[in-house]
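Thank you all for coming.

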Amino acid sequence: SGCIPAQGRLVTVRCSEFAQGGRALFEALFGGQTGLVAQCAGGILLFDMVQLLPGPLQKELFSYFDSFTLQQQALAVEQRVPVCRLMFTAESRPFCALDKSFLRRIPIQAELPELEERSTEEKTQLILHFLHKEELRMGMQVAVSPQALAALADFRYAENISQLYNDIRITCANAFLAREGGAGPPAPGRGKVGMPAPAGGPSPGPRGPPPPRGGGRRPGGRP
C-alpha cells in the first residue's frame with residue numbers, strides 16, 4: 001500500500017536497558033543521524049517490554065513523540081522525510097501495569113494469550129520452531145526425545161515465551177557441550193546433538209493430549 005517506504009527498517013528499542021534512565025532513552029532515540037528514529041528511515045520503531053519503563057517516563061515518552069511527530073511531519077512536507085511508526089510490546093502482569101493515559105494514546109491494541117493458555121499443539125510448534133533456530137545457530141541437527149518434547153510442552157513458564165526460548169537455548173547448549181566433551185548421553189550421530197529429557201526440570205502434566213511422537217524428529221527438518 002506504500003505506507004512504509006522500501007528503505008524503512010524495523011528498529012527495536014529494548015526498554016529493559018532504559019528502565020532507570022530517561023535521559024539515556026531520549027538520547028538513543030533522537031541522537032541525530034545515529035539515533036534510533038533516524039535509523040528507522042520511515043519504518044517501524046518497536047518498543048519491546050515497554051511496561052518496564054516507569055509510568056512517568058511512559059507519559060513523557062508519548063508527549064515527546066507528539067511534539068517530535070509534528071516537527072517530523074512539517075519536515076516531511078518540505079524535504080520528503082518519512083515518518084516512522086510506533087509499536088509496543090508488553091506483558092500483562094499486575095506489577096507491570098502500563099500507565100492508563102499511555103494506553104489511551106495507542107489506537108490499535110491486540111492482546112495475545114499467555115503461553116499457559118495455548119494448546120499443547122501450538123506450544124509444540126513453538127518448541128519445534130525454536131529448535132530449528134538453534135539448529136541454524138549451531139550449524140547441526142538437534143535430535144529431541146519424545147519425553148523431552150512432552151516435558152517442554154507441559155511445563156508452566158512464568159516468563160512465557162521468553163523463558164521457553166531461553167530454556168531451549170540452555171538445554172541445546174548443554175547437549176552441545178556434553179557432545180563435545182564426551183560426557184553425558186552419546187550423540188545420536190555425526191553432526192547432531194541429542195537433547196534428553198531435562199533432569200529435575202519440566203515434567204509432563206495431565207493437561208491435554210501428548211505432542212506428536214514422530215521419533216522425536218521434525219518432518220522435513222522445519223517447524
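Predicted model: local features only at pLDDT ≥ 70, side-chain atom pairs only at ≥ 80, totals over all residues.

Let me start with F155, which is partly exposed at a relative accessible area of 27%; here buried means under 20% relative accessible area, exposed means over 50%, and partly exposed lies in between, with a 1.4 Å probe and protein chains only. Y157, by contrast, counts as buried, with a relative accessibility of 7%.

Residues are numbered from 1 along each chain as its sequence is written, and side-chain values use heavy atoms, with hydrogens and water left out.

Now to the rings themselves. Rings of Phe, Tyr and Trp (for Trp, its six-membered ring) are taken to pair if their centres lie within 6.5 Å, with planes under 30 degrees apart counted as stacked, over 60 as edge-to-face and the rest as tilted. By this rule there are three aromatic pairs. In one of them, F47 and F88, the ring centres are 5.2 Å apart and the planes stand at 20 degrees, so this pair is stacked. F47 lies in strand β2 (residues 44-48) and F88 in strand β3 (residues 85-88), so that the pair links parts of the chain 41 residues apart; strands here are DSSP runs of E with at least two residues, helices are runs of H or I with at least four, and both are numbered from the N terminus. F47 is buried, at 0% relative accessible area, whereas F88 is partly exposed, at 22%. Returning to F155 and Y157, their ring centres are 4.9 Å apart with the planes at 80 degrees, and the pair is therefore edge-to-face.

What is the order of the strands in the open sheet? It runs β1-β2-β3, with parallel pairing, where two strands pair if DSSP finds at least two bridges between them. β1 (10-14) and β3 stand at the edges with a single partner strand each, so one side of each has no neighbour in the sheet. Between β1 and β2 there are five bridges, and R14 has D48 in β2 as its bridge partner.

Finally, in helix α5 (residues 120-138), the buried residues include L126, I127, F130 and L131, and just after α5, G139 takes a positive phi of about 75 degrees.
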